[in-house]
Number of protein chains: 2
Amino acid sequence: MTLTFTPLPQMPLIYPGDNLPDLLLAALQTARVTLDDGDILVVAQKIVSKAEGRMVNLTTVTPSKEALELAKRSEKDPRLVELILSESKEVLRVRPGTIIVEHRLGFVCASAGIDHSNVRGTSGNPEDWVLLLPEDPDHSALEIRRRIKVATGNRIGVLIIDSHGRAWRLGTIGTAIGISGLPGVVDERGWQDLFGYRLKITTVAAADELAAAASLVMGEAAEGIPAVHVRGFPYPLRESSLRELIRSKKNDMFR
Amino acid sequence: MTLTFTPLPQMPLIYPGDNLPDLLLAALQTARVTLDDGDILVVAQKIVSKAEGRMVNLTTVTPSKEALELAKRSEKDPRLVELILSESKEVLRVRPGTIIVEHRLGFVCASAGIDHSNVRGTSGNPEDWVLLLPEDPDHSALEIRRRIKVATGNRIGVLIIDSHGRAWRLGTIGTAIGISGLPGVVDERGWQDLFGYRLKITTVAAADELAAAASLVMGEAAEGIPAVHVRGFPYPLRESSLRELIRSKKNDMFR
């Protein structure tokens, strides 16, 4: 079956309190996409965070002593560093220009996913505003899924994604940060291969593969394509959560 | 533009010396896909390696002292470990069941990408055969691209992919190991965002995002879908190489 990714480009700028499911449904209509059971909507983190009012004005932030020290080492704005610390469990690496953390949501990423671009708050200098990740992206995804189920009757999956760097490779890649109604990982251990042998370990990060693909369609530079419709996802939909994708600290060989 | 991934399922088992471009063209025809300029073929590493005769029979391998020692620590077959070492620049981590290396091709992966499943050599016990990565996957991709250009006149991109683990997340993800005719990374530094600000750094690993998506279509368990046709790749095709995607050891904060 062909796997198709259709961009939903027709969305207004998102403001706190906007009804994202309604906006997504309108965008689907504009793109002339009719939802089917088993379809997936991939949504960029930015519009979820904006609808949830996760903008912070840096002028309201007072950096702690720890933030001031880390700001010096990373050559970053101490107020931004304060927010990074408040969104993180642990700082893993610091270099000029870079702070890698374990986010409070469990994944490892740069700057706790806090973004400066395409953010404009309600007042003051636009450059003072930054955007935090959603409070609970799994729950955000679930809410979108529920409301679309109520509106259309369709059972779909919803994936919220962000762009993450990788330890050993250059460039960012679309990565799942919130999941509802589709598998995070698909466990193919014990399936038989072509010659009837048992495969020992093949656990596929299906949600991350989907996130990467959708990110390709979204591009990076603007908010223009904040959501992508997916048809043909090859695995059965089911309940899941981001936790499926997170390697525990204990099993992380590269901290 | 919609991005579509069409599986090319109709391929025979691959043997050393097989003409992969011809087999891919036949598979395209069976799938009723007509190539266009700008299309991309994503090919699983396994069939490239098999066509290139990269199978090794473990009974022909004599483990070195280093391999014997590493086999003990990793609880792996010393002959397999000998091959892993011969395909690697450096061993990064060792745990029971796991050896993470820098492959001679520059990327970090488990077991130097050497695979046990779906391999059957020309003689002896099938379980004795393993499959190494292609000698030079960029060159393998270029050869496929060239021969398809000669046969059809079409300018396409060719990507060879494998499944890689990640440092901090569970599950494997399709990852580029050979590239010809499409960008590895797309540099969006300096583009303007919606409000006219300059984005500081956005370098997108476009080839890896594509690899992940194609891997989703291929699945993992069998050799059944070893190639995927892609239409709608959103970036201009150009010459490139795998090197674009590899973070240098010097800039790797997580070794």
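**Close-up 1. Helices α1 and α5 of chain B cross at roughly 60 degrees.** In this predicted model, the axes of α1 (residues 20-30) and α5 (residues 137-152) of chain B come within 9 Å. Axes here are lines fitted to C-alpha atoms, for helices over the stretch in contact, with angles from 0 to 180 degrees between N-to-C directions. Helices are DSSP runs of H or I with at least four residues, strands are E runs of at least two, and both are numbered from the N terminus.

Close-up 2. Ala, Val, Leu, Ile, Met, Phe, Trp, Tyr, Cys and Pro count as nonpolar, Asp, Glu, Lys and Arg as charged, and the others, Gly among them, as polar.

**Close-up 3. Domain 1 of chain A touches domain 2 of chain A.** Domain 1 covers 4-52 + 134-246 and domain 2 covers 55-131, with bounds from an automatic or database domain assignment. Their contact takes 13 residues from domain 1 and ten residues from domain 2. On the domain 1 side, α2 (45-51) and β8 (157-164) of chain A each give two or more residues, and α2(A) gives the most, with three residues. That side divides into five nonpolar, three polar and five charged residues.

**Notes.** Residues are numbered from 1 along each chain as its sequence is written, while chains are lettered from A and ligands numbered from 1 in the order in which they are written. In this predicted model, local features need pLDDT of at least 70, side-chain atom pairs count only at pLDDT 80 or more, and totals for chains, interfaces and linings use all residues.

Conventions: Contact = placed C-beta atoms within 7 Å.
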